[in-house]
Every structure is written in C-alpha cells, then in structure tokens.
Amino acid sequence: MEIEKLIAEARKRNLENAAILDRYTVEQISRIYNGIGPDRFPEWLRGTLDELHPSLCVVALIHDMEYYEGGTRDEFEESNERFYRNGKTVAFAKYAWYDPRRYLVWNKARQFSNLCNLFGWSGWNQPEEVQK
C-alpha cells in the first residue's frame with residue numbers, strides 16, 4: 001500500500017500517536033516503514049504478512065516510526081500496547097460486529113503486540129543510557 005494512503009488512513013481513523021508522522025517527510029517515512037514484521041525478516045516474508053493482514057499495515061506504520069525513534073523500556077512496552085489498541089480501532093472501524101474479520105484482525109493485533117513484547121526489544125532504538 002502506498003505510504004501516502006497509509007498516512008491518510010492513520011489520520012482518518014484517528015489512531016493513537018498518528019502525530020508522530022508529522023515529524024517526518026513522506027520520503028523519510030517510506031525509508032523507515034518496512035511493513036508488518038521486524039527488519040531481520042526477509043522482505044518476502046514481510047510482504048506476505050502485509051498481504052495476509054492488510055488492515056494492520058496502517059498500525060504497523062505508526063509502530064515502525066515509534067521503533068525508529070525508540071526510547072525507554074516503558075516506551076517500548078507502551079508502543080506495543082498501542083499496536084494492540086490501534087489494531088482494535090481499525091478492526092472496529094472496518095468491520096461490523098457480525099463480521100468475523102473484525103475479531104480476526106483484533107486478535108491478530110493482540111498476537112503481534114505480544115510477539116513484539118517478547119522479541120522486539122533488540123529492534124527498539126534504545127538511547128545509550130538505556131543500553132547500559
């Protein structure tokens with residue numbers, strides 16, 4: 001999905017911390033954003049995850065920007081929790097209560113959030129004082 005469309009969707013859906021996108025140009029965002037999954041995943045795998053979970057690409061956009069900026073352990077955990085909350089927001093905005101996709105997207109956001117908490121710290125941009 002084009003970066004401009006993801007940025008517009010993040011603002012339209014009023015996702016948490018969408019304001020982080022205002023600090024960067026579209027060109028900078030396109031260099032930072034890698035889709036769903038960590039940098040260490042091969043590009044084909046991240047592409048597959050994006051295709052399987054297109055509703056969560058906009059959520060991953062904000063999450064990637066937060067990982068790029070980094071911060072403390074508390075900020076890391078908050079970013080991962082925000083992935084879950086933003087995923088729920090997107091799921092509820094896109095799908096009606098009776099549509100099973102609402103619950104699939106919501107549950108996948110929870111799973112991705114949990115995986116990030118378990119394995120994402122090494123990809124989080126940590127300030128020098130946090131690394132010690």
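The charged end of Arg-73 is placed over the ring of Trp-121, at 4.6 Å from its centre. A charge is taken to sit over a ring if NZ of Lys or CZ of Arg is within 6 Å of the ring centre and within 35 degrees of the ring normal. Lys-88 likewise lies over the face of Phe-92, 5.5 Å from the ring centre. The model is predicted, so that local features need pLDDT of at least 70 and side-chain atom pairs count only at pLDDT 80 or more, while totals for chains, interfaces and linings use all residues. Residues are numbered from 1 along each chain as its sequence is written, and side-chain values use heavy atoms, with hydrogens and water left out.

The structure contains 9 aromatic pairs. Rings of Phe, Tyr and Trp (its six-membered ring) pair if their centres lie within 6.5 Å; planes under 30 degrees apart count as stacked, over 60 as edge-to-face and the rest as tilted. The pair of Tyr-67 and Trp-124 is edge-to-face, because the ring centres are 5.0 Å apart and the planes stand at 85°. This pair links distant parts of the chain, 57 residues apart: Tyr-67 belongs to helix α4 (residues 57–69), and Trp-124 to the loop between α6 (100–119) and α7 (128–131). Helices are DSSP runs (H or I, at least four residues), numbered from the N terminus. Tyr-67 is buried at 13% relative accessibility, and Trp-124 is buried at 4%. Here buried means under 20% relative accessible area, exposed over 50%, and partly exposed in between (1.4 Å probe, protein chains only).

A further edge-to-face pair is formed by Phe-92 and Trp-106, with ring centres 5.1 Å apart and planes at 80°. Phe-92 lies in helix α5 (residues 73–94) and Trp-106 in helix α6, 14 residues apart. Phe-92 counts as partly exposed at 32% relative accessibility, as does Trp-106 at 23%. Ring pairs also join Tyr-67, Phe-76, Trp-121 and Trp-124 into a cluster.

Two packed helices are described by the angle between their axes and the distance between the axes. Axes are lines fitted to C-alpha atoms, for helices over the stretch in contact, and angles run from 0 to 180 degrees between N-to-C directions. The axes of α5 and α6 come within 8 Å and cross at roughly 170°, which makes α5 roughly antiparallel to α6. Angles under 35 degrees count as roughly parallel, over 145 as roughly antiparallel, 65 to 115 as roughly perpendicular and the rest as oblique. The contact comprises 10 nonpolar, 4 polar and 5 charged residues. Ala, Val, Leu, Ile, Met, Phe, Trp, Tyr, Cys and Pro count as nonpolar, Asp, Glu, Lys and Arg as charged, and the others, Gly among them, as polar.

Helix α5 also carries Arg-82, which is buried at 14% relative accessibility. Apart from neighbours within four places in sequence, Arg-82 contacts Glu-16, Asn-17 and Glu-66.

Helices α1 and α4 pack at about 90°, with their axes 9 Å apart, and are therefore roughly perpendicular to each other. Leu-6, Ile-7, Glu-9 and Ala-10 in α1 meet Cys-57, Val-58, Leu-61 and Ile-62 in α4. These residues divide into 7 nonpolar, no polar and 1 charged. Glu-4 is placed in α1 (residues 3–12) and is partly exposed at 45% relative accessibility.

Terms used:
Helix = DSSP H or I, 4+ residues; strand = E, 2+ residues; numbered from the N terminus. Contact = heavy atoms within 4.5 Å.
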